[in-house]
Every structure is written in C-alpha cells, then in structure tokens.
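Work through the exercises below with the sequence and the model side by side. Each task is followed by a stepwise solution.

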Amino acid sequence: MNRKKHFFALLALIVIVAAILLYAGYKKVERFADQTLAIKQDRVFTLPAGIGRHSLEALLVQDNLIKDSHIFPWLLRLEPKLAEFKAGTYQLTREMTLREMLQLFSSGKEAQFTVRFVEGSRLSDWWKILQQSEYLKHELNDKSAQELAEILGIKVTDTLEGRLYPDTYHYTAGTSDVALLKRAYRQMQMTLEEEWQKRDKNLPYKSAYEMLIMASIIEKETSVEAERTKVASVFINRLRLNMRLQTDPTVIYGLGEKYTGTIFRKDLTTLTPYNTYMINGLPPTPIAMPGLASIKAAAHPAKTEFLYFVADGKGGHTFTTNLAAHNRAVNIYRQGLRQSR
C-alpha cells in the first residue's frame, strides 16, 4: 500500500510540476507575443507570397522586427489563427505588438498609399507624380499615347489632357499606374456627364468635351472660388459675340517647353492651335485637368455683361464690361506692381 501511495504521490507531483512548467511556458509565450516590435519608427513591411512559418520567423529576425527566439513556433502552435498570414505590404507602427502584427498579417488589410493630383495640373505633371509614387507598379514607360488611350477606352487619341479627374487616390502596393489612370478617367467621365446633363440652357458648347475645355481654362485663370463663375461668364459672353478668348494660359500651353515663366509680346502673335489671341473659339483640347468647381462653373456661368478681367494685385481679379474700363484696371494693376518693387 505504501508503494502505491508513494507512486500516486509522485505522479501527482509530476502532474503539478508539469502543469507549473506548462503554465510558465504559456506565460512566456504570452509575454513574447505581447512584446512590442523592435522598431523605432513606423515602417512598411512586405510579406512575400508562399512564405511558411519558418521563413517568416527568419524574415522577421532579418528585418530586426523580433529577436532570434525559439518561442516563435510555439506561439503559432498555441494560436494557430496567427499562422494564417496573407502575402501583402503592411503598415507597422512602433506601438504594435508581435501578436497585433501577426493578426494584421492574417487580416490581409494591406497598407494604403496615396497619390494626389491637384486641380489645374497637366498630364506631364501626372507622369512625374506617378513615377515618384512608392510601391506603384509602373506600366506606362513603354506605352504610347495611343496605346494608353485604347486601354482607357478613349477613341480620340490626340491627348489625355483634361480627361483625368484630379483627386487623392488610395492604392495598395503592386497597383499599376494604368489602374490609377483608369479610375481617374472613369471618375472624370461620370462627373462630366453628370454636369453636362445639369448644365444651363443655351450655352455655346457643341459637346461635353467643349465644356471640359472651358473648365480647364477657368481652372488655370483663377483659384478664387467666388470668381470661377464670373470668369466663365466672360468667356461665354465672348464666344456669343464671336470675340476671341484672349486668355494667357492657353498661350502658355501652346508654347510647351518654350515657356520659361514670362509671356512676351511675340508669343501673343505666334500662331499655335492654342493661341486664343490668334484663333477663334476654344482651343482644340483642354489645357489642364479641371476640378469639380471649374466644371460646375463652366456648366453654370454667372449671368453678367463682363467681357474683360485682369489681376487686381490682391489675389483676385477686376471684371469690366468694356475696353476703356479694362485698360484703366490694367493701369491700376501695373501701378501697384511698380509700387511694390
């Protein structure tokens, strides 16, 4: 009997010790999982496709996210859901724990990157921005304008200027630049069609595209919200009277790389398809990517008799109905420039 008692006592002791060791081991794994990542600032981490548990541990150690530890495999055994990681590029923060990082990998919620195209920017500006954007897949380098137009479903292949909606776009790593442009093109198409359907009656546009051209000119002429419809009214009034638009931004666009920051008198008399001092009506294409406010202004211009406007030296413009008043406004503006020098 004593032997049996000793046996059961020893067995109970072994069970208790084992339980204590298991509990201690479990707590050690817990502490390991709850430790913050070994990073001093937020960073992006890419988890490759097809990576296994051992490879992930090696990668985390290699990238100094965790210290070399034999506990990592035990964590994945104790919490198997943490081992269901998905390939992708993730945003890691300084306060994040190892468990939170693995939960992020399991969720598949990849890091979101942004690219901002401002109103009034040109297609050439967009190209530069796309080339400098992080984690974007670049597919435009070997695409001709015609090929890209075909991808976007544009029949007119002379230019994409004005056809892309300026906005902030979010994307995940590996998104292509072509995919972003498709989104921007669809957004502009929907916006333009909606505003075209709601436009004022009897506007001198033959198509929504002509309204888009007008919107691009408005966009380049003023950034003052309250002035957009007034600027639109000037150009609408001129079109109705068969007066040339005589707007400097179109001249600048026509000069291309020849423009160095100053318009000279000879530039105003040099014929290009975009020189509205020399051609009648609208230029052949938009001269920039207009935003919603300018599109709305082109669709709903103010009802005025203004035919001229000039900068007032205070960030806005002075609007006038006749040449004499316009010339006086020009002189006032020039006097202000001389006094400020």
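**Exercise 1: a helix pair**

The axes of helix H7 (residues 177-197) and H8 cross at roughly 100 degrees and come within 10 Å. Axes are lines fitted to C-alpha atoms, for helices over the stretch in contact, and angles run from 0 to 180 degrees between N-to-C directions. The model is predicted: local features need pLDDT of at least 70, side-chain atom pairs count only at pLDDT 80 or more, and totals for chains, interfaces and linings use all residues. Residues are numbered from 1 along each chain as its sequence is written, and side-chain values use heavy atoms, with hydrogens and water left out.

Task: classify the packing of H7 and H8, and list the residues that make the contact.

Solution.
1. Angles of 65 to 115 degrees count as roughly perpendicular, so H7 and H8 are roughly perpendicular to each other.
2. H7 brings Met188, Leu192, Glu195 and Trp196 to the contact, and H8 brings Ala208, Met211 and Leu212 (contact: heavy atoms within 4.5 Å).
3. By class, this contact has 6 nonpolar, no polar and 1 charged residues.

**Exercise 2: the second largest pocket**

Task: state which domains give residues to the lining of the second largest pocket.

Solution.
1. The domain assignment, automatic or from a database, gives domain 1 (36-110), domain 2 (112-190) and domain 3 (201-340).
2. A pocket is an open set of points on a 1 Å grid over the protein atoms alone, where a 1.4 Å probe fits, with protein on both sides within 12 Å along at least five of seven lines; lining residues have an atom within 4 Å of a point.
3. The lining consists of Arg122, Leu123, Ser124, Asp125, Lys128, Glu161, Tyr253, Gly256 and Glu257. Helix H5 (residues 123-132) gives the most, with 4 residues.
4. Domain 2 and domain 3 both give residues to this lining, so the pocket lies between them.

**Exercise 3: the largest pocket**

Task: describe the volume and lining of the largest pocket.

Solution.
1. The space in the largest pocket is about 1200 Å³.
2. Its lining has 33 residues, and Asp248, Leu268, Tyr277, Val310 and Arg334 lie nearest the centre.
3. H13 supplies the largest share, 7 residues.
4. The lining has 20 nonpolar, 5 polar and 8 charged residues.

Note on methods
Points joined across faces, edges and corners; volume = space filled by probe spheres on them. Helix = DSSP H or I, 4+ residues; strand = E, 2+ residues; numbered from the N terminus. Nonpolar A, V, L, I, M, F, W, Y, C, P; charged D, E, K, R; others polar. Parallel < 35°, antiparallel > 145°, perpendicular 65-115°, else oblique.
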